[in-house]
Amino acid sequence: QVRLVESGGGLVQPGGSLRLSCAASGFTFSSFAMSWYRQAPGKARELVARITSVGGRGNYPDSVKGRFTISRDNAKSTVYLQMNSLKPEDTAVYYCNAGYNSPLYDAWGQGTQVTVSS
């Protein structure tokens, strides 16, 4: 079955950086676009980065553009999210999923908590 395991979150000061990882299994990773989402308390889940099956620069909403970078290693079935210049409003639980325009799988992972605070 599909399994998505996110890691790399933590507590960081404003302006700091974190690198998230998502290890995927149960599907042909290299055939699918992958995306990162986040959900802050009391808010809907939102897309923060997406990348095609073959990689490339990725696509981002204005809220994170220039600060976040998505990448992938198809040999390791892992997608990454490098987050720089973090802001308190980036505080959320971060999730990954397959798909480009919408999440492909209902089985979300546990997510990884990112807290940006001084």
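The following is a working chat about the predicted model shown above.

Q: What should I know about the model and its numbering before we start?
A: This is a predicted model, in which local features need pLDDT of at least 70 and side-chain atom pairs count only at pLDDT 80 or more, while totals for chains, interfaces and linings use all residues. Residues are numbered from 1 along each chain as its sequence is written, and side-chain values use heavy atoms, with hydrogens and water left out.

Q: How many helices and strands does the protein have?
A: The protein has ten strands and zero helices. Helices (H or I, at least four residues) and strands (E, at least two) are DSSP runs, numbered from the N terminus.

Q: And how compact is the protein for its length?
A: Its radius of gyration is 13 Å, close to the 13 Å that the globule rule gives for 118 residues, so the protein is as compact as a globular protein of that length. The radius is taken over C-alpha atoms, and the globule rule is 2.2 Å times the number of residues to the power 0.38. Along the principal axes, the C-alpha trace spans about 40 × 25 × 25 Å.

Q: What share of the residues is buried?
A: Of the 118 residues, 42% count as buried. Buried means under 20% relative accessible area, exposed means over 50%, and partly exposed lies in between (1.4 Å probe, protein chains only).

Q: Which residues touch the most other members of the largest nonpolar core?
A: They are F27, W36, V79, L81, M83 and Y94, in a core of 29 residues. Such a core is a set of buried Ala, Val, Leu, Ile, Met, Phe, Trp, Tyr and Cys residues joined through side-chain atoms within 4.5 Å. Among the elements that give two or more residues to this core are strand 3, strand 4, strand 8 (78–83) and strand 10 (112–116). In soluble globular proteins, nonpolar side chains tend to be buried together.

Q: What is F27 in contact with?
A: Leaving aside neighbours within four places in sequence, F27 is in contact with V2, L4, F32, M34, A98 and Y105. Contact means heavy atoms within 4.5 Å.

Q: Changing topic: how many disulfides are there in the whole structure?
A: A search finds one disulfide. C22 and C96 form it, with their sulfur atoms 1.8 Å apart. This pair links distant parts of the chain, since C22 is in strand 3 (residues 18–25) and C96 is in strand 9 (residues 92–98), 74 residues apart. The criterion for a disulfide is a pair of cysteine sulfur atoms within 2.5 Å.

Q: Are those two cysteines buried or exposed?
A: Both C22 and C96 are buried.

Q: Y95 is next on my list. Where is Y95 found, and what does Y95 touch?
A: Y95 is found in strand 9 and counts as buried, because its relative accessibility is 12%. Not counting residues up to four places away in sequence, Y95 touches E6, S35, W36, Y37, Q39, R45, W108, G109, Q110 and G111.

Q: In what sense do strand 4 and strand 5 pair?
A: Strand 4 (residues 34–39) and strand 5 (residues 46–52) pair in the antiparallel sense over five bridges. Two strands pair if DSSP finds at least two bridges between them. M34 has I51 in strand 5 as its bridge partner. In the hairpin of these strands, with six residues between them, G42 takes a positive phi near 75 degrees.

Q: How many residues join strand 5 to strand 6?
A: A hairpin joins them through two residues, and the two strands pair in the antiparallel sense over two bridges. T52 has G55 in strand 6 as its bridge partner. G55 is buried because its relative accessible area is 15%.

Q: What is the phi of S77?
A: S77 has a positive phi of about 50 degrees although it is not a glycine. S77 lies in the loop between strand 7 and strand 8 and is partly exposed, because its relative accessible area is 21%. Most residues other than glycine have a negative phi.

Q: And where is S85?
A: S85 is in the loop between strand 8 and strand 9. S85 has a positive phi of about 50 degrees although it is not a glycine, and at 40% relative accessibility S85 counts as partly exposed.
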